[in-house]
Amino acid sequence: MTTLNSEGMFVSPSIRHRRFHTIEHGKLDAIKAIVLHQTDSSTAEATFNAYQSGSNGAHFLIDTDGRIYQTASAHKRCYHVGRLIKSRCLEIKPFSCADAELAKAKALRWAARVKEIDKIERTKKYPDRFPVNSDSLGIELVGRHINDTTYEAVSSTQSSSLRWLLNLLYQTFTIGSDDTFRHPQVSYKNPGEAASAKW
Ligand SMILES: [Zn+2]
């Protein structure tokens, strides 16, 4: 039996609590989606050390041995998506996205374009846009960043823990696998991040 307590922490023999208030930033009122990440570290402890002094992080972390940690309350917002989101319309329908404002933005140079696209997207509501920090939970999988396009492969034990955790979150927040995204789908990240995660 797994329950969500009043603090936003899951109570389950399969989830360990390592909560870091340093990575919690205000209330998270609605959970509509999940974003999968990789830590770019080889151990969970390295990420926990970074959480202690940093401000970016995610709600859960899955270690290489499949152990699941909850690192932030599900009632609190974490900075895990990044500042600028991509356009869901343009990513899904690159040739038929009928948004005149986006069409104009596409003509801009890279830096101006990504800012303008983010501005346009933030006026929309999920699922018309990708998830943002204020409506999503983040899950980190421990794994190193190898080069421009690759991260360490997600292990099969990590994948089975991920599936278990996702099912719990789907049931708790009435969402589904269509609401689960890899970080680089949503914002401008190394394309290999969480690429080998299966769910
Ligand atoms: Zn990430």
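A: Lys-115 and Lys-119 are exposed on one side of helix H4, where exposed means over 50% relative accessible area, buried under 20% and partly exposed in between, with a 1.4 Å probe and protein chains only. This is a predicted model, in which local features need pLDDT of at least 70 and side-chain atom pairs count only at pLDDT 80 or more, while totals for chains, interfaces and linings use all residues. Residues are numbered from 1 along each chain as its sequence is written, and side-chain values use heavy atoms, with hydrogens and water left out.

Helix H4 covers residues 110-121; helices (H or I, at least four residues) and strands (E, at least two) are DSSP runs numbered from the N terminus. From its first C-alpha to its last, this helix of twelve residues reaches 16 Å, close to the 16 Å expected at 1.5 Å a residue, the expected span being 1.5 Å times one less than the number of residues. Its buried residues are Val-114, Ile-117, Asp-118, Ile-120 and Glu-121. Because they cover an arc of only 165° around the axis, they fall on the same side of H4, the arc being that of the directions from the helix axis to the C-beta atoms. These buried residues pack against helix H2 (88-92) and helix H3 (100-106), with contact taken as heavy atoms within 4.5 Å.

The peptide bond from Tyr-126 to Pro-127 is cis, with omega near 10°.

Strand E7 belongs to an open sheet of six strands, ordered E3-E6-E5-E7-E4-E8 with mixed pairing; two strands pair if DSSP finds at least two bridges between them. At the edges stand E3 (15-17) and E8, each with a single partner strand, so one side of each has no neighbour in the sheet. From one strand to the next, the twist averages 25°. E7 and strand E5 (residues 60-62) run parallel and are joined by three bridges, and Ile-62 has Leu-141 of E7 as its bridge partner.

Helix H5 lies across E3, E4, E5, E6, E7 and E8, running at about 170° to E7, where axes are lines fitted to C-alpha atoms, for helices over the stretch in contact, and angles run from 0 to 180 degrees between N-to-C directions. H5 has 18 residues (156-173), which should span 26 Å at 1.5 Å a residue, and its end C-alpha atoms agree with this at 25 Å apart. Among its buried residues are Leu-162, Leu-165, Leu-166 and Leu-169. Thr-174, in the loop between H5 and strand E8 (180-182), has a positive phi of about 50° although it is not a glycine, and this residue is exposed, with a relative accessible area of 75%.

The zinc ion has as protein donors His-37 (ND1), His-183 (ND1) and Glu-193 (OE), lying 2.0 to 2.1 Å from it; donors are N, O and S atoms within 2.8 Å of the metal (3.2 Å for Na, K and Ca), and water is not among the atoms, so sites may look incomplete. Distant parts of the chain are linked here, since His-37 in strand E4 (residues 33-38) and Glu-193 in the segment after helix H6 (183-186) are 156 residues apart. Both His-37 and Glu-193 are buried.
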